[in-house]
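Colleague: I am still learning to read sheets and ligand surroundings in a model. Could you take me through them slowly, one feature at a time?

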Amino acid sequence: MRVERAINASVSVRDLSLNFGAVQVLQALNLDIAEGEFVVLLGPSGCGKSTLLNCIAGLLDITDGRIFIKGRNVTWEEPKDRGIGMVFQSYALYPQMSVEKNLSFGLRVARLPKDEIAQRIARAAEILQIEQLLQRKPAALSGGQRQRVAIGRALVRDVDVFLFDEPLSNLDAKLRSELRVEIKLLHRRLQNTMIYVTHDQIEAMTLADRIAVMRGGVIQQFDAPQAIYNRPVNRFVAGFLGSPAMNFLEGQVEKDGPYLRFAADGLSVPLSTYAFADGAPPAPGAAALGIRPEHVSLNSGDGWPFSAQAVVEVVEPMGSDTLVWLKLAGQKFSVRMSSERAPQAGDQVTIGFDPMRASLFDAAGDRL
Ligand SMILES: Nc1ncnc2c1ncn2[C@@H]1O[C@H](COP(=O)(O)OP(=O)(O)OP(=O)(O)O)[C@@H](O)[C@H]1O
């Protein structure tokens, strides 16, 4: 028998397609995840993230393609034989069993020796700080504690790869941020490969070594959080990451002698040709200039490669920061700034930004 191996990857997905009847949910998808990497699958509801995770877990029969875990073709293997542990949003604990029994259930089924089971439970309980809860039933636990037990159940199985499907989305905001930090610490301690599904961009940015941004069953960009934030490949990715969302000014790229500029209704932004060093400068035509609200300065003096006058329409205090809304070239535009220096509605202000920090997208929405 020929053994197919994917090189140097902990999890490899090759040309994966999955249809539900006539609906194509995943289309010839490829993904290579390195050993020990924390990868987040991020995207809007219905984009296929959970479906992809379930395919890797073996919970769905795929339509086409192959899946490798630790170099082994597991495409047609049972979930239990794949070396994965899965944590769901809904905890999926046995309500009639104590925490200890919940943790040991799979190990008892697999007929592991008693002392080995006890050791593994003790270690997981210590890591997750649930030692005092081992004799309780799930009904007597808080949501956060239940999710710890659910993570513990994956932990005791000593798996190669952890799969998380929106594990924190049933918890309140405070608990969510606490457990987020704990999952990060858990990854640092265990150094296992982890694949984590969420639609929460903060979770994605804070947890991931790399984020795969998905839309309509297709991975749009797979890169480090900062790279996705700074150099989004298209308008969808640019708009999905960052809060508040990136500003998009509709206009066109024009020639200005030997230079290029972005023009929109009385506005002219010089475009440095350095920015296009990795490709040819764009041809003149319809385009959108994307600039993040936090990369715009307000009333902070001269010296900006681009500056313009505007009148403040709405001011939204957000605590330490304030969001200022105004119109630029007749289009909605937001600036995020320190609350101490925030203007008031009706004030005339000067905004400035460095076009090198902006992103330029063509009419199809792709990055130029
Ligand atoms: N059993 C099924 N039969 C038919 N269509 C399905 C089935 N399961 C999922 N789908 C469809 O597949 C698409 C992807 O679903 P999936 O659950 O993977 O999305 P998701 O990105 O995880 O979204 P969410 O964040 O809402 O869970 C959706 O359009 C969904 O309606």
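Modeller: Please keep in mind that this is a predicted model.

Colleague: What holds strands of a sheet together in general, and which residue is the bridge partner of aspartate 165 in E8?

Modeller: In general, strands of a sheet pair through backbone hydrogen bonds, and they may do so in a parallel or an antiparallel way. In this case, aspartate 165 has valine 197 as its bridge partner in E8.

Colleague: In which order do the six strands of the open sheet lie, and which are the edge strands?

Modeller: The order is E6-E7-E8-E3-E9-E10, with mixed pairing. The edge strands, each of which pairs on one side only, are E6 (84-87) and E10 (218-223). From one strand to the next, the twist averages 15 degrees.

Colleague: Which strands does helix H4 touch where it packs on the sheet?

Modeller: Helix H4 (residues 143-156) touches E6 and E7, and its direction makes about 175 degrees with that of E6.

Colleague: Now to the ligand: which residues surround it, and which element gives the largest share of that shell?

Modeller: Among the surrounding residues are Phe20, Val23, Val25, Lys49, Ser50, Thr51 and His199. Helix H1 provides the largest share, three residues, and the elements that give two or more residues are strand E2 (23-33) and helix H1 (49-57).

Note on methods. Residues numbered from 1 in each chain as written. Predicted model: local features only at pLDDT ≥ 70, side-chain atom pairs only at ≥ 80, totals over all residues. Pairing = 2+ DSSP bridges. Helix = DSSP H or I, 4+ residues; strand = E, 2+ residues; numbered from the N terminus. Axes fitted to C-alpha atoms, helices over the stretch in contact; angles between N-to-C directions. Contact = placed C-beta atoms within 7 Å. Near = placed C-beta within 6 Å.
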